[in-house]
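Reader: I am new to this structure and would like to understand the words used to describe it. Could you show it to me and then take my questions in turn?

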Amino acid sequence: MPQAHSLKAFNTFGVDASCDQLFRFHHERDIQDWLAGMPIPVDKFFVLGGGSNLLLLGHIPLTFLQPDIQGIEYEERGEEVIVTAGAGVNWHELVMDTLDKGYCGLENLSLIPGNVGAAPIQNIGAYGVELEQRFVALHAVDLFSGEKKIFRHGDCQFGYRDSIFKRELRGRYIITRVQLRLNKKPQLVLTYGPLKALADSADKLTAKDVSDEVIRIRQSKLPDPQELGNAGSFFKNPIVSHEQYLKLKEAHPKIAAYPMNNASVKLAAGWLIDQAGLKGYRQGDAGVHQQQALVLVNHGKAAGKDILNLAAYVRDTVKAKFGVELEPEVWIIGQQQVFQ
Ligand SMILES: Cc1cc2nc3c(=O)[nH]c(=O)nc-3n(C[C@H](O)[C@H](O)[C@H](O)COP(=O)(O)OP(=O)(O)OC[C@H]3O[C@@H](n4cnc5c(N)ncnc54)[C@H](O)[C@@H]3O)c2cc1C
């Protein structure tokens, strides 16, 4: 029986958790070779990135695989540039590298924690930009067969914090490299929330200026996981029908919402949690962040199950007040019946 491997340093909630084994790979070839000689069934694997979107519950009887594949390469194609980055490259370091080279496109996604390999999984997004707008292709290894496969944009079925890798292909592939499309000339996106204030001076701004502003805003409102354990937004912003939105607006005229299309509206989950009176609420060391109600935090010694219980309480309280069901954005790994 292998000794449990601690995962405390591998999750930004900073909860005590462990797995059966953890293997780290530096090359795609190593993953294929390892799989070829490995009798463990594929449902016993879990692919780990930077651990910034996970809630881990106690001992997890799985083998964790972490692709620590490095390297960033650029290929100029006319006005565009294709960047290819290894799955183990830190996402923010990639964004900074592209900006240092004078290329634009990822500036709104500055300072999102985690690694490049995880970015397509939930189609990371912030400040009006989603990964899919820049996505070209990804390279992956099939954990069943050990074969390499390339997924292009249409194969990934991207949605809001969603892709095929969260559904039909959940846990099936280990992403090894990601290719993104950048521009040589800025095409700034200043349509979202606090960035709108920059729109008047858009012609004088560089992509680096936008990145600096995104970093400034993020640092002023989001807790740093190094100081206060968290996994960013715990819940997704719920999407409701236009009809349900109109009813909610009648009862709560200030409800924070973003129209998606004619049929549906995205509600700000943080606003719902705040209005349910839960900002700063604590159950022991598991808490709702004092400034950002969408972020659940570990004040010190919370276990994964403490944060899970708090999340269930938040979900139930919001449901009772607004009739809206919150779904977790983070991956909950380990035995639990609270969220499906
Ligand atoms: C403070 C904070 C702020 C955040 N802000 C944002 C934000 O603005 N927007 C946003 O979208 N997200 C945000 N997040 C969430 C998180 O940063 C992203 O989801 C990120 O992409 C997770 O990367 P990771 O490497 O840490 O993945 P992990 O948490 O390790 O894994 C996440 C999922 O991806 C899978 N996975 C990881 N790597 C691979 C791979 N190579 N191949 C196959 N599967 C893989 C895992 O199995 C798991 O299912 C935030 C998190 C924190 C802590």
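Predicted model: local features only at pLDDT ≥ 70, side-chain atom pairs only at ≥ 80, totals over all residues.

Reader: What makes the protein as compact as a globular protein of its length?

Author: The secondary structure comes to seven helices and 20 strands. The radius of gyration of the protein is 20 Å, and the globule rule gives 20 Å for 340 residues, so the protein is as compact as a globular protein of that length. Along its principal axes, the C-alpha trace spans about 60 × 55 × 35 Å.

Reader: Which residues come nearest to the ligand, and which strands supply at least two residues of the shell around it?

Author: There are 34 residues around the ligand, and Val47, Gly50, Ser52, Gly125 and Ile175 come nearest. Strands β3 (45-47), β8 (125-126), β12 (173-183) and β13 (229-233) each supply at least two residues of this shell. By class, the shell has 18 nonpolar, 13 polar and three charged residues.

Reader: Why is Ser18 called buried?

Author: The relative accessible area of Ser18 is 14%, and buried means under 20%, so Ser18 is buried. Ser18 has its place in strand β2 (residues 18-25), and a polar contact of 2.8 Å joins its side chain to that of His59. Leaving aside neighbours within four places in sequence, Ser18 is in contact with residues including Ala4, Leu7, Gly58 and Ile60.

Reader: Glu28 is a charged residue, so why is Glu28 counted as buried or exposed?

Author: Its relative accessibility is 12%, so Glu28 counts as buried, the limit being under 20%. Glu28 lies in helix α1 (residues 28-36), and its side chain is joined to that of Lys148 by a polar contact of 3.3 Å. Not counting residues up to four places away in sequence, Glu28 touches Ile69, His139, Val141, Lys148, Thr176 and Arg177.

Reader: What makes Tyr258 and Lys101 partly exposed?

Author: Partly exposed covers what lies between the buried limit of 20% and the exposed limit of 50%. Tyr258, in strand β15 (residues 257-259), has a relative accessible area of 33%, so Tyr258 is partly exposed. Lys101, in the loop between α2 and β8, has 44%, so Lys101 is partly exposed as well. Tyr258 touches Tyr192, Val265, Lys266 and Ala268, not counting residues up to four places away in sequence. From C-alpha to C-alpha, Lys101 and Lys184 are 9.5 Å apart in space and 83 residues apart in sequence.

Reader: What is the phi of Asn123, and what is the phi of Arg161?

Author: Most residues other than glycine have a negative phi. Asn123, however, has a positive phi of about 50 degrees although it is not a glycine, and for Arg161, also not a glycine, phi is positive at about 50 degrees. Asn123 has its place in the loop between α2 (91-100) and β8, and with 0% relative accessibility Asn123 counts as buried. Arg161 is found in the loop between α3 (153-156) and β12, and at 13% relative accessibility Arg161 counts as buried.

Terms used
Residues numbered from 1 in each chain as written. Heavy atoms only, no water. Helix = DSSP H or I, 4+ residues; strand = E, 2+ residues; numbered from the N terminus. Buried < 20%, exposed > 50% of the residue type's maximum accessible area, 1.4 Å probe, protein only. Polar contact = N/O pair within 3.5 Å; in protein donor to acceptor, adjacent residues only side chain to side chain. Contact = heavy atoms within 4.5 Å. Near = heavy atom within 4 Å. Nonpolar A, V, L, I, M, F, W, Y, C, P; charged D, E, K, R; others polar. Rg over C-alpha atoms; globule rule 2.2 N^0.38 Å.
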